[in-house]
Every structure is written in C-alpha cells, then in structure tokens.
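Welcome! Please take a moment to look over the sequence and the model shown here before reading on.

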Amino acid sequence: MKLLEERIQRDGMVKAGNILKVDSFLNHQMDVDLFDRMGQEFKRLFADAPINKILTIEASGIGIACVVAQSFHVPVVFAKKTQSLNIDGEVYSSKVTSFTHQRVYDIIVSKKFLSPEDHILIIDDFLANGCAVTGLMELIRAAGATLEGVGIAVEKGFQTGGQQLRDMGIRLESLAIVEAMDDTTGKITFREQPHQN
Ligand code: 5GP
C-alpha cells in the first residue's frame, strides 16, 4: 500500500536489532485517517472472504483492528496477555514469544467470544518471526473456528514469519513488506506488491 510505504519512509526510524519504530503514527500515537485507509484496503483485499470477526492481540494491534473492523462491520476480539496462574477452563490459551521483549507469555480469549461458527481475520501491526500470529491461530484452532486470513500493517520480509505462513497456505496480506532496512543509513526498501493500492 503506497500510502503506508510513503509514511514509513517519512516517519519510520530503523533501530538496532531489526526494530522499525513507527510510534509517531502506528503504535503509540495513532493516525486514524491512515488506519481508515488501511481498513478499506484490507476490505478490498479480503472482499470475497466471509469474515464475521477480527482477532488481534493486545496492545498495539487493538487500535488498527478496531478501525479495520469498521470497514467489515464486524466485532473485534483481542487476546489478552496474562500470567499462567489465572488460566482456567473458561478461556482458550496459547503461548507467544515476544519479539520486542524477548520473553514468553500466555495469551487468552474467553470461550464466549470464539466459536466454530466464526470466520476470522487476524490483524496485527507487525509480522516478524510469526509468533504472535501463530499464537492467535492456536486459539482459533482450539475454538474450532475458521481462519480466513491474516492482515498485517508492516511485515519485515527479511524475517521468517511471512514465508512460514505463506508456506502453510495461509492467505496473508501485508500492506507494507520491508525487504531490507539499515540502522546506520536509515535506508528502507519495500517489496513490490502490484495487486495492492
Ligand atoms: P512476531 O511475533 O511476528 O515475531 O512479532 C510480531 C510482534 O512483535 C508484533 O505484535 C509487534 O508488536 C512486535 N514487533 C515485531 N517487530 C517489530 C518492529 O520492528 N517494530 C515494532 N514496533 N514492533 C515489532
């Protein structure tokens, strides 16, 4: 999505450790007009999928997921990060290794909000090694729901998550795929995606 790529070029900052900082418009301060355009693009890309629910993970996925959900006119459920001790039979749970914080935590969703009737679109801000998305997929599987696809704002194409999901046959649309980035020069290059606006 050209608009998002231009914004990343303008306001994104490449940090050491393969971190792209986009906190002035995506995951700290949030540009909801940009989110709205992203929501419309996801709606166009997944137009033929019978999506009735969006699933994301707290915290930084929630803002984007809510605006995307407006384009689909469906509810959003977010997986909560929690301590293992609190987990009981009322929730679906799985484990996620945090890319940014380098630790493992449990994520949960109440059984009330995921069911076999659900057709889910996963939305998140970043895709790196794919742990967050894989954890969400595990919740969907446990609930017997159907995964329709995964929508990501920024995929780091030089990390393994995107390739793994595509190899599994999962329908993945990332609005910007960073092919390479350099924390000394700040240079960012994107993968061409001719089917996107
Ligand atoms: P994964 O689970 O795919 O390895 O990493 C995805 C999660 O880590 C996202 O939910 C996002 O919050 C965080 N993340 C991964 N890479 C980056 C990055 O370069 N910048 C920021 N801001 N967050 C990232």
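Predicted model: local features only at pLDDT ≥ 70, side-chain atom pairs only at ≥ 80, totals over all residues.

Residues are numbered from 1 along each chain as its sequence is written, and side-chain values use heavy atoms, with hydrogens and water left out.

Let us start with the chain as a whole. Its secondary structure consists of five helices and 10 strands (DSSP runs numbered from the N terminus: helices are H or I with at least four residues, strands are E with at least two). The C-alpha trace spans about 50 × 35 × 35 Å along its principal axes.

Now turn to the ligand. Where does the ligand sit? Its place is the largest pocket. Around the ligand there are 17 residues, and the closest are A128, N129, G130, A132 and K156 (a residue is near if one of its heavy atoms lies within 4 Å). By class, this shell has eight nonpolar, six polar and three charged residues (Ala, Val, Leu, Ile, Met, Phe, Trp, Tyr, Cys and Pro count as nonpolar, Asp, Glu, Lys and Arg as charged, and the others, Gly among them, as polar). β2 (19-21), β7 (119-127) and α4 (131-143) each supply at least two residues of the shell, and β7 gives the largest share, four residues.

Look next at the backbone beside the ligand. A polar backbone atom of G130 is 2.7 Å from an oxygen atom of the ligand. For A132, a backbone N or O atom lies 2.8 Å from a ligand oxygen atom, and for C131 the distance from such a backbone atom to a ligand oxygen is 3.1 Å.

Finally, here are two backbone details to find. E58 and A59 are joined by a cis peptide bond, with omega about 0 degrees; A59 belongs to the loop between β3 (53-57) and α3 (60-72).

Note on methods
Polar contact = N/O pair within 3.5 Å; in protein donor to acceptor, adjacent residues only side chain to side chain. 1 Å grid on protein atoms, 1.4 Å probe; cavity = no way out; pocket = protein on both sides within 12 Å on 5 of 7 lines; lining within 4 Å. Sits in = over half its atoms within 2 Å of the grid points.
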